[in-house]
Amino acid sequence: MAIRTILRDGDPVLKKRCHPVTRFDRRLGDLLDDMKETLGQAHGLGLAAPQVGILRRAVVVVTDLDSNEMLELVNPEILDAEGEETGWEGCLSVPGLWGLVTRPAWVRVRAQDRNGDWFEAEGEGVTARCFCHELAHLDGHLYTELCDRLYTPEEVDRMEAEAEAAEAAEAEAAAQAAAEPETEGAARPDGQAEEDGQP
Ligand code: NI
């Protein structure tokens, strides 16, 4: 196994459409092994063959974030998709930047394994996002095409903190609104509670 160099955005190879894999030989096995090792070392969630300069339809996707389990997909295609989810997305070919992308919330894919046997796999949330992102690489597309703009990690952190604060404030306001009429209404069933209750 070997670590391969990950191509960066701007490299024309990343814009090309990949050819189907037709030979399920040792070379394909070596490529998939190298891709997994490269992905693991880069701490990414997915890697497509064109990102390491190979114009073949093969990707690896992390399907379990806890165990870092990876799934190899050769000649993959999306069979079915449901729902919508907008979330942060990054790419090892676009290091240090993030974008908000809307993807299906759930997808079912069909692919071949390294021996050429077909199988189906499902993914939701981040895994569905990964399947879509990696499969797009095989047609020469990067997630950045789907974003209005890209954000630095600091900007992402700030936006996340702001969203959390807004959510907390909203929850607190909702809790207050829910609590107030109930206590006052119970004391004054004549409906005057709100007027009389205020100083
Ligand atoms: Ni990518």
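# A chat about the sheet and its core

Trainee: Which residue in β7 is the bridge partner of A111?

Mentor: F119 is the partner of A111 in β7. Strands here are DSSP runs of E with at least two residues, helices are runs of H or I with at least four, and both are numbered from the N terminus.

Trainee: What kind of model is this, and how are residues numbered?

Mentor: It is a predicted model: local features need pLDDT of at least 70, side-chain atom pairs count only at pLDDT 80 or more, and totals for chains, interfaces and linings use all residues. Residues are numbered from 1 along each chain as its sequence is written.

Trainee: Back to β7. How many bridges link β6 and β7?

Mentor: Seven, and the two strands pair in the antiparallel sense. Strands count as paired if DSSP finds at least two bridges between them. Strand β7 covers residues 118-124.

Trainee: What sits between those two strands?

Mentor: Five residues, in a hairpin. G116 takes a positive phi there, near 95°.

Trainee: What holds strands together in general?

Mentor: Strands of a sheet pair through backbone hydrogen bonds, in either a parallel or an antiparallel way.

Trainee: How many bridges join β1 to β2?

Mentor: Three, and these strands run antiparallel. L47 stands opposite V60 in β2.

Trainee: Is β2 enclosed or open?

Mentor: Largely enclosed by the rest of the structure, because five of its seven residues are buried. Buried means 20 or more other C-beta atoms within 10 Å of a residue's own, exposed means 12 or fewer, and partly exposed is in between, with C-beta atoms placed from the backbone.

Trainee: What does V60 touch?

Mentor: V60 is in contact with L32, M35, K36, L39, G46, L47, M70, L71 and E72, leaving aside neighbours within four places in sequence. Contact means that the C-beta atoms, placed from the backbone, lie within 7 Å.

Trainee: Which residues touch the most other members of the largest nonpolar core?

Mentor: M35, A49, V59, V60, V61 and F131, out of 31 residues. The elements giving two or more residues to this core are α1 (26-42), β1 (46-48), β2 (58-64), β3 (69-82), β6 (106-112) and α2 (126-137). A nonpolar core is a set of buried Ala, Val, Leu, Ile, Met, Phe, Trp, Tyr and Cys residues joined through C-beta atoms within 7 Å.

Trainee: And T63: buried or partly exposed?

Mentor: T63 is partly exposed, because it has 19 other C-beta atoms within 10 Å. T63 lies in β2. Not counting residues up to four places away in sequence, T63 touches E69, M70, L71, G123 and T127. T63 and C130 are 67 residues apart in sequence, yet 8.7 Å apart in space, C-alpha to C-alpha.

Trainee: How many bridges do β2 and β3 share?

Mentor: Six, in the antiparallel sense. A58 has V74 in β3 as its bridge partner. The two strands form a hairpin with four residues between them. N68 in that turn has a positive phi of about 60°.

Trainee: Where does H43 lie, and what is its phi?

Mentor: H43 is in the loop between α1 and β1. Its phi is positive, about 55°, although H43 is not a glycine. H43 is exposed, with 9 other C-beta atoms within 10 Å.

Trainee: Last one: how far apart are the centres of domain 1 and domain 2?

Mentor: Their C-alpha centres lie 39 Å apart. Domain 1 is 12-151 and domain 2 is 154-189. Such bounds come from an automatic or database domain assignment.

Conventions. Two residues are in contact if their C-beta atoms, placed from the backbone, lie within 7 Å.
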